[in-house]
Amino acid sequence: MNRPAGEDAIRRWAAARHLPDAHLRRWLALADEDRAALLDVAEPLRLRTGQFMTAFELLEEIVVRERATIVANGANATIATIATILARREIRRILDGTGSAPGRARELLDALRTIRFPRLKRTAQRLAEEIAALGLPHGVSVVLPKELGSDEVKVEISAHGGVELERLIDAVGQARAGLIRIADLIGGGDSIDDEV
Amino acid sequence: MKFELDAVHIEEGSRTSALARRVVGGLSPGVAVNYVADGREASRPIAGVADSFAAGKRRMVIMRRRSPFLMACPAGSSEFACCGYLVLTLASNCPMDCGYCFLQDYLADNPGFQVYANYSDAFDELERLRRNAPARGFRVGTGELADSLAFDSLTGISRDLVEYFAGRDDLTLELKTKTDEIENLLAADPKGRTLVSWTLSPERVFRSTEHRTAPPAARIEAARRVLEAGYRVAFHFDPIIAYAGAERDYIELMGNLFDVIAPERIAFVSLGGMRMTPALRAAARRRFPDDPMLLGEEVLGPDGRYRAFTPLRLRLYSALSDRIRKADAKLQTYLCMESPSVHRRVFGEPAQPPAALGARLAAN
């Protein structure tokens, strides 16, 4: 019996990377275009096993989310597939880029996370801009919770000597209103996103 | 709404119980009845079945409960601002199949739908509780490890419960459900001591995730009917799922509720964001891989659970809390499984201690 095109190449890549069987089965169960598109990413970017599994999972989740959006909105849009997502301009730019393979692999995962978690990425970007706008001096940092997973904000001061500490404390005091605003934004204050 | 069973297993020691007699007498033709030595064995996952949790939902096991019936709410923790809820476990598992349900993980090794034939022993435990804390009021619910009313037309347990609580001014029974199975309730007189609460979700969540439950409008209509029959009613917007458009849909749902039931006639409302341990999340996604409601923007929080990232979740809470306040500023509202700091941000005041809130909810 003939194997579908590309299956041998996929099996070779999976064997070389010790990809778990469950993932290989899921990969081989995809439509021809999707599994080929995944291989076209995995090989040139030399994805590590963990990176491949993360990318695969993110792509599957994006497909489910985007199909639901199309159904809910009754939109007349192309149904998302792994192949169509990997063909998007922001992804092609990474795949066709000239940087190192490991660097582009990291970029790919970041880009997929941005598609998978759009509101989280926008909110994190907005908070980063608010923090940058405070112009806090070196030695003062605002530490946000990882992935905005809690409502805790830390303001860290790192000083060498009393004079420097006094200067940094003054800087924090001058940024008081902005810091409070950032803490409120983490609590859902103001308009984090137009569409919730 | 009626649910279907494949089989009923009755523990030998419960063969002559009132519950077993009622169930056997009310079964649809074709449902197999087996007698087993130990109901715990009959509750185990069936080997070779792809989704043993789903299979367990169709296999009722009538048996004696070996553990205490009464316990503190298992969701309670010192890290959360809690509501002082006490749980009475009269059954375990549920014929409905919500994609987010914690039972998918909690009952993975024990999925048979157990109903406890010795449930009247729970009344002795409640009497001990009353004797030990004579000055306090308690809110006691049966809807934690099972839906309080699913299969009630078959088991008839609600009649005995309502009757017991009707005579005790220091206890409030909360029957928590996603069904519209209220016929037994309508035939009983709660004397103000039973509160029936519904979990409410927007139509999109119901269609995508809350399999075999009653539609939201049917739940609200059932609430209206039990209210007219003398019961108190409450509503749980829990889990709130933060999909795109959720704020609009949940606010519309609240509007629909308040159109049918005046807010001043509602005992309380709870809000709670969807939260999942990693194990639950894996189980839910394995069982419902194409459900977009399980693929929101959840991140792992400091308590080890996945929830919608904090600004998004808190914005939803605030919007819904504002809508409730606009409807009735006095309507008691609380958050489930959230920290005191989140409570303070949403409501602008510190959370009450669990015992105080519990007593207040019981009294409303």
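**Cores, a strand residue, cysteines and a pocket**

Modeller: Let us start with the largest nonpolar core, which has 157 residues. Those with the most contacts inside this core are A:W27, B:M60, B:L126, B:W198, B:F235, B:F237 and B:L271. Its largest share, seven residues, comes from α4(A). Please keep in mind that this is a predicted model.

Colleague: What makes a set of residues a nonpolar core?

Modeller: The members must be buried residues of the nonpolar kinds, joined through side-chain atoms within 4.5 Å. In soluble globular proteins, nonpolar side chains tend to be buried together. There is also a second, separate core of 15 residues, and it includes B:C83, B:A267, B:F268 and B:M337.

Colleague: Which residues does B:F235 touch?

Modeller: Leaving aside residues up to four places away in sequence, B:F235 touches B:W198, B:L200, B:A223, B:L257, B:I261, B:I266, B:F268, B:V269 and B:S270.

Colleague: Is B:Y334 buried or exposed, and how do you know?

Modeller: Buried means under 20% relative accessible area. B:Y334 has 4%, so it is called buried. This residue is found in strand β18 (residues 333-335) of chain B. Among the residues it touches are B:C83, B:R139, B:H236, B:L271 and B:F347. B:Y334 and B:L271 are 63 residues apart in sequence, yet 6.3 Å apart in space, C-alpha to C-alpha.

Colleague: How many disulfides does the structure hold, over all chains?

Modeller: Zero, over all chains. A disulfide is a covalent bond between the sulfur atoms of two cysteines.

Colleague: What makes up the lining of the second largest pocket?

Modeller: This pocket has a volume of about 860 Å³. Its lining has 29 residues, and A:E60, A:V64, B:P289, B:D290 and B:L295 lie nearest its centre. By class there are 16 nonpolar, two polar and eleven charged residues.

Colleague: Which helices supply at least two residues each to that lining?

Modeller: They include α2 (21-28) and α4 (49-73) of chain A, together with α9 (203-209) and α12 (278-287) of chain B. The most comes from α4(A), with nine residues.

Note on methods:
Residues numbered from 1 in each chain as written. Chains lettered and ligands numbered in written order. Predicted model: local features only at pLDDT ≥ 70, side-chain atom pairs only at ≥ 80, totals over all residues. Heavy atoms only, no water. Disulfide = S-S within 2.5 Å. 1 Å grid on protein atoms, 1.4 Å probe; cavity = no way out; pocket = protein on both sides within 12 Å on 5 of 7 lines; lining within 4 Å. Points joined across faces, edges and corners; volume = space filled by probe spheres on them. Helix = DSSP H or I, 4+ residues; strand = E, 2+ residues; numbered from the N terminus. Nonpolar A, V, L, I, M, F, W, Y, C, P; charged D, E, K, R; others polar. Buried < 20%, exposed > 50% of the residue type's maximum accessible area, 1.4 Å probe, protein only. Contact = heavy atoms within 4.5 Å.
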